[in-house]
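Welcome! Take a moment to look over the sequence and the model shown here, and then we will walk through some of its features together.

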Amino acid sequence: MNTSRRGALVRAAKLATASSVALAVSTTIAAAEFSWDQLSGESITVMMPEHPVTDGVRVVLDQFEADTGIDVTLQTMAEDLYFDRMEVALRGSGGNSQMDVYFLPMDSTAYTQHTNDLVHSLQDFIDSADLTAPDYNLDDIPAGFLDATRYDIDGRWEYHGIPASFETYILFANMDHVNQYLDGQMPTTMAELIAAAREVKEESGGAIAGAVLRGIRSDTLIDTVTGFVNNSVGAADRSAPQNVWFDGDWSKPKMNDPDIVRGLANYAELMKAGPVNIQAMDWPDASQFFMAGGAAFFIDASLFAPGFENPDDSPVAGKIGYSVIPVDNADGEPYTAHWQWGFGIPQNAASPEAGWLFIQYMSNTDNATAIGKLHGGAPRLSTWQDPEYAASFPQSYVEAVAAAMPNSQTSVVQRAGWSEFALRIVDVIQDIYGGADPAEAGASAQADFETMLAN
């Protein structure tokens with residue numbers, strides 16, 4: 001995971017929303033029959049990086065303490081310090097962790113912590129009528145979101161984190177360029193998008209790139225790449241632990257699957273319609289290039305939107321159209337991927353039950369919606385149907401993200417050493433960009449996967 005990227009997205013979201021969004025705290029959030037004060041008198045420590053979710057927690061915190069009688073010490077720090085501090089605090093000293101709740105990166109970080117027996121299962125808390133309010137409604141969070149930290153414990157799949165903020169991969173369009181070169185027509189299929197991107201670059205004489213993407217050779221591209229591939233694969237199984245890249249078994253890689261190959265080729269074709277230096281572009285370069293007006297289309301994290309819409313910093317504010325990744329599958333539905341922050345509990349937390357009440361309170365329908373206004377990535381489906389929440393963002397952004405959420409799947413693959421495989425996937429894109437036949441590039445990767453697995 002690229003931690004500097006998360007920090008930049010956080011700053012963009014805060015700049016765009018902090019001055020204009022008032023966080024409304026619900027004073028009555030739970031069914032009357034649930035005892036929120038059952039652990040009154042306990043104390044917990046919560047560790048988080050500075051983040052819009054943390055800003056929201058600060059506003060809600062006094063009400064949580066009043067409703068539960070639980071005293072909370074909130075420890076915060078800059079994100080670049082957080083990851084090291086988090087790992088030290090998880091291990092703790094004297095038998096207990098130094099925290100009871102922490103901001104959990106729901107990716108390979110969480111999986112590594114799980115394999116080292118450092119993160120607590122939440123399943124028994126979720127299943128407890130005493131510890132979970134009847135109106136908590138976990139079904140309001142897409143299954144693909146919860147799947148990121150759902151691990152097999154002795155034959156039972158158990159949740160280990162609750163999403164707090166997510167980025168999903170969508171299409172951004174500079175409508176000035178769409179209007180000038182494409183008669184205002186937004187593409188609705190991937191084939192149309194590739195053709196449109198080529199047309200913009202050709203009609204502008206190369207002055208405007210048809211599309212811009214992250215083009216560097218790095219395993220960190222795998223989140224966005226997974227969004228492309230999911231969109232081509234469609235409804236096929238993409239769940240943990242293998243995700244989309246294996247056929248239900250680690251011994252059965254699918255790198256020669258025609259749908260997977262087509263998704264990787266789509267990425268490469270859009271790169272070809274991009275700027276000449278696209279292979280040197282990581283997410284900061286690509287996002288800045290789009291924000292400067294250099295490209296007609298951009299596919300990347302939804303959480304770029306608040307920064308793009310900041311009129312003080314962005315030349316394209318108010319000029320962007322948003323949509324799901326244009327469809328490229330037989331189902332005719334949008335599919336994509338996402339990355340998330342969530343709340344977790346250390347395995348050796350001193351007060352895990354009180355920690356669960358904190359997580360549940362901060363992630364229930366009312367507070368997830370209120371806190372979500374600060375970052376634009378609330379993980380509950382109902383939030384995106386809330387008129388007050390929707391009014392905080394451009395309508396097409398709300399519509400695009402809401403449409404992407406139900407069929408979005410985590411990009412996480414639960415396997416040690418996955419980054420080596422992820423880089424090999426990115427190399428398929430690089431090969432196709434360089435002129436290789438897509439099917440041959442996929443077959444070569446398939447052979448390499450089989451060798452890597454055998455070794």
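## Cavities inside the model

In this predicted model, the count of cavities of 30 Å³ or more comes to 2. Let us look at the second largest cavity, which has a volume of about 60 Å³.

Which residues line the second largest cavity? Its lining is made up of Val53, Pro163, Ala164, Phe343, Met362, Ser363, Asn367, Ala368, Ile371, Gly372, His375 and Pro379. By type, these lining residues divide into 8 nonpolar and 4 polar, with no charged residues.

Two elements, strand S6 (162-174) and helix H14 (365-372), each supply at least two residues of this lining. H14 gives the most, with 4 residues.

## The chain as a whole

Stepping back, you will find 18 helices and 11 strands in the protein chain. Along the principal axes, the C-alpha atoms fill a box of roughly 70 × 55 × 40 Å.

How does the radius of gyration fit with a compact globule? For 455 residues, such a globule would have a radius of gyration near 23 Å, and the protein chain has 22 Å, which agrees.

Of the 455 residues in the protein chain, 60% count as buried. Among contacts with a separation of 6 or more, 77% are between residues 24 or more positions apart.

Methods:
Residues are numbered from 1 along each chain as its sequence is written. This is a predicted model: local features need pLDDT of at least 70, side-chain atom pairs count only at pLDDT 80 or more; totals for chains, interfaces and linings use all residues. Side-chain values use heavy atoms; hydrogens and water are left out. On a 1 Å grid over the protein atoms alone, a cavity is a set of points where a 1.4 Å probe fits but cannot get out, and a pocket is an open set with protein on both sides within 12 Å along at least five of seven lines; lining residues have an atom within 4 Å of a point. Grid points are joined across faces, edges and corners, and a volume is the space filled by probe spheres set on the points. Ala, Val, Leu, Ile, Met, Phe, Trp, Tyr, Cys and Pro count as nonpolar, Asp, Glu, Lys and Arg as charged, and the others, Gly among them, as polar. The radius of gyration is taken over C-alpha atoms; the globule rule is 2.2 Å times the number of residues to the power 0.38. Buried means under 20% relative accessible area, exposed over 50%, partly exposed in between (1.4 Å probe, protein chains only). Contact means heavy atoms within 4.5 Å.
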